[in-house]
Amino acid sequence: MGADEVRLDQTWRLWDQFALRGPGFPANGVLRLAPAGLAQAADKFDRDDRLTGVDWTGFEETYQEAAVQTALDLQDIAARPDFRAAVAWQNRPVLTTGIKPFLDWTPTAAGRTSMPRQREELIAHYWQRFCVKNDTIGFFGPVGWGRWDLTQTGVTVEPGESLIAETNVYFASWAIDTLARTLEPGLRQWIAPRRVPFVHIGPDAVTIPSRPPQPITPDQHRLLTQCDGTRSAHHLAQANPDLDVPALLADLVGRRWLVWRLEIPADAHPERWLRTWLSTVEDEPQRAQAIVALDTLERGRAEVAAATDADTLAAAFTKLEQDFVALTDTAAVREKSASTAPCRALVYSDCRRSATATAGHRVLDALAPLSLFLTSATWLTANLADRVLQRAEEVFDRLAADGPVNLAEFWFACMPILHGAAAEDATELQKEFQRRWAIILNPGSGNRVARSTKDIEHRVSVAFGNRAPGWTAARYLSPDILLTEDHLVLGELHIATNTLGASLFVNQHPDQSELLAGTTRDHPGPRLLPLLPKEHRSRLSARIRHTLIRPEDHYVALVDHTADPSRPHTHASADIQVERHDTLRAVLPDGTRFPVIDVFGHVLTTLAMDLFRLVPEAPHTPRITVDTLVVTRETWRFPAAEVTAAEERSEPRRFVRLRQWREANTLPRFVFVTSPAEPRPFYVDFDSPVYLNILAKAVRRLARKDPAGQLTITEMLPTPDQAWLPDHNREPHTAELRFVAVADPR
C-alpha cells in the first residue's frame, strides 16, 4: 500500500487501491436498439387518442420497419464472436436453442411471430447485461484496478493495449468435491479422520451441545484425540498396533464424533490441494489411478481456457462435461435450487482488465459527505452488536451456572438469537435508521432533494453519535461510486465487509501481497475468524469467499471445517472457552482472548450488509444529493396490475401506451427495473421497442404471479451516454469504483 494516507476525515481512511468494475462491452451497444425517430413519432399521439385512422396506420408501418431493423441489429449482435463466447460461458445451450435459429431467420414484419420475438428479447436481455451491468465475471465483466494520486485532479485511465490483461479459469469447488467423493473408497486408508469441531473430549465422556455427556472408553479416547485431520487411518493404525483402528474409526464415525472422508479445503484452486494430497498416498496403483482422473479434468479445464471462440469453447465444455460424467457418474451441471451457490457449471472464468485508473484530489473532495453516511452505518453495526451481545450474555449466564462454557455449546445455544431475534433486531434498526435520516434530510415531496454537509453534519452527529464498529469486520465499509460529469453517485454501501477481500478480486490482482499488506495495516495483530461453509445460497461461494487471511490470523471451526487441517492457528469450537472479562471473550487453548462477538461476525455481517437504505420503500422517493454526492437515486414503485399498458397485445400500441405511462409518471428514459418475479434487475430504455417488450413481459409475469406485487423502477445514473471508462479502442464503458473505507481514528 502507498505511504500517503487517503482520509475522508479524522475517523475514516480509504485504501489507496480500489477496484474498477465495469462490463466488457461498450455502453453505446444498447443505444443501437433504440430506432432513430421512433420515440418522437410515438409521442405525437396523446393519452386520449384511440389510436386509429390514417396517422395511426402510418405509425404502425413505421413501427414495423423499425422492428425489422432492430431484429437485423440484434442478428448483428448475436453473430459477434465475443457476444457468442460470453453467452457460451453463461448458458451454452442458448447458442443452439436460441442464437442459431435466430441467425438462420430472415426478419420481416410478417415473420416476426412469437418465437422470433422471444429470441429477439433473449438476445437483447443478454446484451443489456453485457453492456450496462457492472457485474464481475469473465471477460464480459473483468476486474480492473486503480490507485489514488492526490497530486492529480480527477480520474484518469490508462486503457492498455487490449480489453483483458489476464484470464483465469477455475474449477467450481463442487466439481472437485465430487471427484474426491468418487476417489474416496479406494483411498480410504490414506484419508486423515478428524474430530467434529463441536465434539468436546473429556477424560471419560464426550459432550455434544444440547445432549447429555456420552461415556467414552480409553481406546476411543486415545484414538479420538489423535484424529486431527493430519494423520491418515493407515498411520493411525501403525501408531496404535494394539487397536483395531478401522473398526474403532467406523464406530466413532457412526457416533458422529468423527469425520472420515476426503474433504477439500475451501480455496480458489481446490485441484491443487487434491494433487498435493494425492502425492502422500503410498499405494502407487491407487495414487496413479486418482492422478489420471484429476489430470483428465485439468486437461479439460485447460482446453476450455484455450478456446478462442464460442464454437471451440462449446466443444471444450462438452468434452470436459463428458469426462466428468464418465469419471464421477454425476451430472456435470447442477440444478438451480435455494441451497445452490451461483456457480452451477464445472468451471468459471474471471479476468483482469487491462485498463488502470487513477483518482485525484477532486474525487476525494467530492467524497467528503460520505463520512456522514459511514458514521450512520457504524451506528447500525454498533447497535446490532449491542442487542445480540445482550441476549448472548443471558445465554452465557444460564450455561455458566452449570460450570465452564465452551464455545461449541455457547454457539449452538445462541442459534435462536442469530437466526431469529437478531434478524428482527436488524429490521427494527433499519426502520429507526430511516426515521432518523428522514428527520435529518427532510426530503419533502419533490423529485430532487439537495442538502449540504454543512447543513446536516451536526444533525448526523446528534442522531448517530460516534459509535465504535460493532465487531472487527464492521470496521470496513465498502462503497460503490459511479461518476457523472457533475456528480459522484453512491451505488451500494456494503456494510461490515471489505469487498476487495473476496476471492474474485484478490485472485485478479497483479500483486496479492499488496492487499495483504493493506490488511495488516488495518489489523496489526491477529484476528479471530469463523470458518464458513464452502457455499451457501447466493451469499457464499468460492468466488466471493473472503481470502485476505494471514498465517497469524486464528480460525475457529464452529460447525464446518473448511480449512487445511495442517494450517496453524485453527481451532475446534469445543476447545475454546467462553469467559467474561469486561465482556464475553473467546479464550483459545493458548490463553489468547478475542471478543466473542467476532465469532458471530459472519452472521452479523450477513444481517447488516443490506441494511443501508436511507429511505423506506414508498410509491416515489426522490433523488437525494449531499453537496455533489448523489446518495439515493430517484425511484418509483408500481403494483404490476396497475401497469395496464403492458397488457396491450399490439406491439405498436404497447410501445405508445408504455411511453405515455412513462410520461404520466415522469420517468426518465433510462431505468433499471427490479421485479420479485425476475432473478435480477434489468435495464430498460423507453425509446427501445425490444426493451419495452421485455418490460411488458416482466409486468405481466409479475401480475400473474402476484397481482399486488410491485415493480421497482430506479433512474439509471449515469446513463449510457455518460459512460466514461475507455477500452483499448477508446469505446466508453459504464463503470463504478469500489472503494474500501476503514474506521481508523487518528
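A: A pocket is found on a 1 Å grid over the protein atoms alone, as an open set of points where a 1.4 Å probe fits, with protein on both sides within 12 Å along at least five of seven lines; lining residues have an atom within 4 Å of a point. This is a predicted model, in which local features need pLDDT of at least 70, side-chain atom pairs count only at pLDDT 80 or more, and totals for chains, interfaces and linings use all residues. Residues are numbered from 1 along each chain as its sequence is written, and side-chain values use heavy atoms, without hydrogens and water.

Q: Which residues lie nearest the centre of the second largest pocket?

A: They are Arg194, Arg261, Leu262, Glu263 and Ile264, out of 46 lining residues. Helix α6 (173–187) is one of the elements that supply at least two lining residues, and its 5 residues form the largest share.

Q: How is the packing of two helices described?

A: One gives the angle between their axes and the distance between the axes. Helices α14 (residues 370–400) and α16 (residues 415–441) pack at about 145°, with axes 10 Å apart. Axes are lines fitted to C-alpha atoms over the stretch in contact, and angles run from 0 to 180 degrees between N-to-C directions; helices are DSSP runs (H or I, at least four residues), numbered from the N terminus.
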